[in-house]
Each structure stands twice: as C-alpha cells, then as structure tokens.
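Dear colleague,

I am handing over the structure below, and after it you will find what turned up when I went through it. Please keep it open beside you while you read.

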Amino acid sequence: MASNPVKITDTTLRDGHQSVMATRLRLEDMVDIAPTMDAAGFDAMEVWGGATFDTTTRFLGEDPWERLRTLRALIPNTPLSMLLRGQSLVGYRNYADDVVDAFVAQSAEAGIDIFRVFDALNDPANVRRAAQAVRGAGKHLQLAICYSVTEEGRLGGRFYNLEYYLSKAKQFEEMGADSICVKDMGGLLAPYDAYELIAALKKTVAVPLQLHSHYTSGMATMTALKAIEAGIDGVDTCCAPLALRTAQPAIEPLVFALRGGDREPQVSLEKVLEIDDYFERVLPKYRRHLESSRLSVIDARVLDHQIPGGMMSNLSSQLREADSIDRLDEVLQEIPRTRRDLGYPPLVTPLSQMTGAQAVNNVLFGRYTMVTGAVQDYVAGKFGTPPGKIAPELRDKILGDSENDRNSHELPPELDAARDAVGHMTTDIEDVLTYALYPSTGMKFLRIKHGLDPMPDEMKEVTSPDNAKSAEGSPAHEESSDRPRSHRARTFSVYVDGERFEVEVEPHSLERGLRIAPAAAPQPNAPAATTSSVTRDSPTPVPQSKQRDAQGATVDSAANEVPITAPIPGVVLRYAVKTGESVNEGDSIVVLEAMKMENTLPSPASGTVKALVADVGATVAKDAVLAVISI
C-alpha cells in the first residue's frame, strides 16, 4: 500500500458538468450512480456551489437545497465539498453578513462537510466572514488562492510572483484554514511552475495543500504530476466522460501513472470504470450542451487570452443571444484590454463574468459606453483591492471626484427584507436564501416551486438531443426552411434591398464561415431594422418607425419620442424613474439583467418619461422597447 497516497477530490457532479456542459446535469441523472461514487474511495466529492445553485433555479426548475439533501443521503461515507465565493457566496455580488452567516449554516446543515472558500481578488477581507461562519459550523475550511498570471504567461512578473502566493497562503493559514487550495481556473499553471510553487508553499505553511486545475490549455495532467512530485497532498480530478476539455484532469490516467508508487491514490479503478460507463449511457441526451464546433480537446489560445473554460462558453452563448456570435474574436481581443483597465484581476467568477460581460458591451456598444453595475461597484472598491491600478480614465468616468472608501460600502442586513418578500409563499429559510441570492430569478423559481406559476417549457426535462434546448435555456431558434441544417446553427432573417435572406451562424462562425441563402418568400416591403438608443453617444431622437415592445408587438415612435430599447436580451430588474418624471440626458432609466450582470440604461436625451413599457421581471428580447422619452 502507498505510504503517502494522493487524496482525490472528484468534481464530476459539480465542476465537471459546469465546465463542459453549462452545468445542465440534472439530479435525476445523478441519483442512480451516487452510491457507486460513494464506494469508489474518493477523499471528497465536490457536488455543490459554483454555478450549480444559479443554474438549478434559473434553467432546470430544481431546488438546489433538495439536490444537496438527496446527494447527502445517497453519499453517506464520502465528505461532500462545495465552492463558495467568499462574500459573494454563490452569486455575482457581495451579500450582507447576515446572509453569509445564514447561507453557510444552512449549507452545513443540509450536508456540506468541506467549504472551499475563495475571493476573486484573493482579498482576505472578502473571505473572512464566510471563513468565520464555516468554523462556527464546525466544518472543514479550505481557503483557495486563485492562480493567475499577467502577459508573461508564467509564474512571476509584476503581480503574480512567488512572493505574492506565499504571502496569501500565510495570511489564509493565520485566518484558520484547515487546508489551502491552489485554484488554477484557467489552466495556466505550467508544470514546472507548479513544482516551484508547491515546493515553496510546503515550506511556508503547515496545513495540507490541494490543487484544482482545468485542462483547458492541455497542461493540467502534467501540472498535477509535478505538483504531486513536489508534495501536494490532494488534487482534483474528474471521471473521464466529463473530464478534460475545460474541466479537470481525468482520474483514470493519473491512477495508472501513480500505480505501484508511494503516492498511488486509494481509489477503486473498477468503480471508476462503472461510473464512466454510466455517464456514457446518460450523457448523450445532453449532447447539445456538450457539443463544440472545435475538433481540438484543448485551447492553446487560453495561454494568450487566459479566459477560463466556463467563461468561454458563457461568452459564446451571450453573443449568440445578442445575434453577434460573429464578433467573438473581437471580444477575445478586447478581454485582455478590459482586464488591464481593471487592474489585472484574476479571471474567476464573479470577476471573469464581470470582465467578459464588460468586454462584450465594449465591443457591441463602444468602450465603456455602457458600464455594468458590477464593474461600477468593482471600481468603487466594493469587491476589494485589485492587484494593479485601475485605468484613470475608467476610474474618473465612474467615480468622478468621489473617494474609493471601502468602509463606506459595508452592506446593511438583508435577510429580513428577503423574508418579507417571500412571506406570502413560504417561511422556509432555504427559500428565503434562494430569494436573497437571486431576487429576480429566485422569485420566479419560488413561484414555480410553490405552485403559483407553471413550469416553463424551457425548464422541463431534456429527453433527447433532438428536443434539447439551447445552451442558455432558451428554445432553439425557429427555422422556417425545410432544407437540412446543422442543429448547432442559428438562423436569422436579414433584409438587403427589400429582399429577405436567411443567414445561418454556426458557433465560432469566424472559423467555419457563414452560409447565406435567399429565403423562400422575399418580403420587399419589410421594415428597416431599428437600433437601440440607450447611450450618451447617440442622443439624436429616433424618427418615426416600427419598434417592438417586450411582448414582440409593434410600437410606433413619434418624431419627438425616443424609445429606450434592450441592447441585448435580458430581464427587467427595476425602473429608476416613474411615468411623467422629467429626466436629463444620461439619467438612469431602467436596469436590465443581461449576461448575469446588471446593466443600467441611461436616457439618451433630456425630456419626460412618457411610458415604461415592460413589466418588472419580464424577460425581453434584443431591441424590445423598455421605455419612451418624450423630448
């Protein structure tokens, strides 16, 4: 028997399917295999946290708390782990301390044994409250250091050098960490850098060390081996059907490579192969989420753009929703510029989503013409201290003359307001927390859960690849032509000189090309396309034309009226004004949640609010009219 076996954390039921199939694995496809996974000999299983909480409520119509309780009952012998984003919990903003305390306590009660807690900026202040709550619950506290690099692409440089990581590890150990994880979300940790880093960490801290790495660049298995040589205590792996690509290294080759040595994992390969066979049978029905137009299993370009795998899939989906998948390459070029402007934050949720969403906005609407609410909060210091300096022009645009005083951003308690908001349906603390984390999508889910609203078709079970939904939970785009098409393509109508064309856009269409064919029935009188008028750069009144309201009905705009339209699909969170109110150019009118970020749409001109068209909570399409300003 190995004298110092590597401890294996299996990520199949969380990060595995989050990374390669948009977190769409349903509980019903976990329950049958869970007992076998419990018997495989894993030291821990990561089954919760990350994006799973959001996805179950937003897209699958499943209660995430029920998922955890079910898995706890089926996996009684293996410690269960979750990923927690510090003060951001499993959301995309920082929450008040009372929400943090309640969420951790309830997660522990529901079955979590190991809390892997991280902050996207590696800021100890942003993990302190969650760390205290974990220790208060008597659970294992694993604090994670997000591994990142700058343009050099290797360990070292201005910010992310060896001293940086050793200092963070020492701080986390002093905060009471039971173990420390090196979290390589982008697959950027090179093998020999891993050896240097782990060897130095083993000399610096006394607590066990864990490595979490993604296979995106193709280095993760080599990196894991070098980390094991350097003395790492544990590594994250995934069962083969959901491993590699943008997920974790596969466990199977690691077991073979270490067989017979003193680091051989105490995992049953026979059980792992049973798990593999099971997922090979059940995963084909999720093929729409698994498929990619790229043949390569790795993305060597990640060493340049440094975008984590989950972030890449989100970007592609968001651009498809905005009918702009052809601009993916522009977004990939913009992300490093946006990251530099933001002071080189590590690209991990929520900062990866924040950076990616802002880069999309920069490409579609002009650089920083439309700044997400999250980026505004980040620049104001609400997310912590960036590694580098924020670009002065961006800081001035957002803050003006105000000071960046983080102490002024402490959040008042939020839990009582959440209880009041859902009190007509439930008093269950788990439901209250679901709403507190996601007031918009959480409320929609709770109304479905408690029988007030029907389950939408897009949340219903996927039974085969043929009726699968699109990667963000929306029905596949209708296709009017009878000719065969790739089921990955999306079809759009384009009018040129009065003639309608159908344009098929494949994912990564810049690499694969566009196919354009005339539609069967040209429409010579088709109206010209209209554009959104929501930014300070376009205050000119929109001439009388046909617009669409949130329900898709035609809306007329008079010459003295300016419609504010949704620049991208999203959910109307709230209005900042009332009908009849006078506004100045640039005043906030409506907040639209898109790409999981809040986007505040300003008035393009001074005038009076004539109408607020969409309902709060409504899901709206691109170009839907949200408000009308009379000038």
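Two strands are said to pair if DSSP finds at least two bridges between them, and with that in mind we can begin with strand 4 (residues 114–118) of this model, which is a predicted one.

On one side, strand 4 is joined by four bridges to strand 3 (residues 80–84), and these two run parallel; within this pairing, the bridge partner of Ser81 is Ile114 of strand 4. Strand 4 is also joined by five bridges to strand 5 (residues 140–146), again in parallel, and here Phe115 has Leu141 of strand 5 as its bridge partner.

Is strand 4 buried or exposed? Five of its five residues are buried, so strand 4 is largely enclosed by the rest of the structure. Both of its faces are covered, with Ile114, Arg116 and Phe118 buried on one side and Phe115 and Val117 buried on the other.

Turning to the nonpolar cores, the largest has 137 residues, of which Phe42, Phe103 and Phe279 touch the most other members. Helix 5 (residues 97–110) gives the most to this core, with seven residues. Leaving aside residues up to four places away in sequence, Phe103 touches several residues, including Trp48, Phe53, Trp65, Leu433 and Leu437. Apart from this core lies another, of 20 residues, among them Leu592, Val609, Ala624 and Leu626.

With best wishes

Definitions and conventions. Residues numbered from 1 in each chain as written. Predicted model: local features only at pLDDT ≥ 70, side-chain atom pairs only at ≥ 80, totals over all residues. Heavy atoms only, no water. Core = buried A, V, L, I, M, F, W, Y, C linked by side-chain atoms within 4.5 Å. Buried < 20%, exposed > 50% of the residue type's maximum accessible area, 1.4 Å probe, protein only. Contact = heavy atoms within 4.5 Å.
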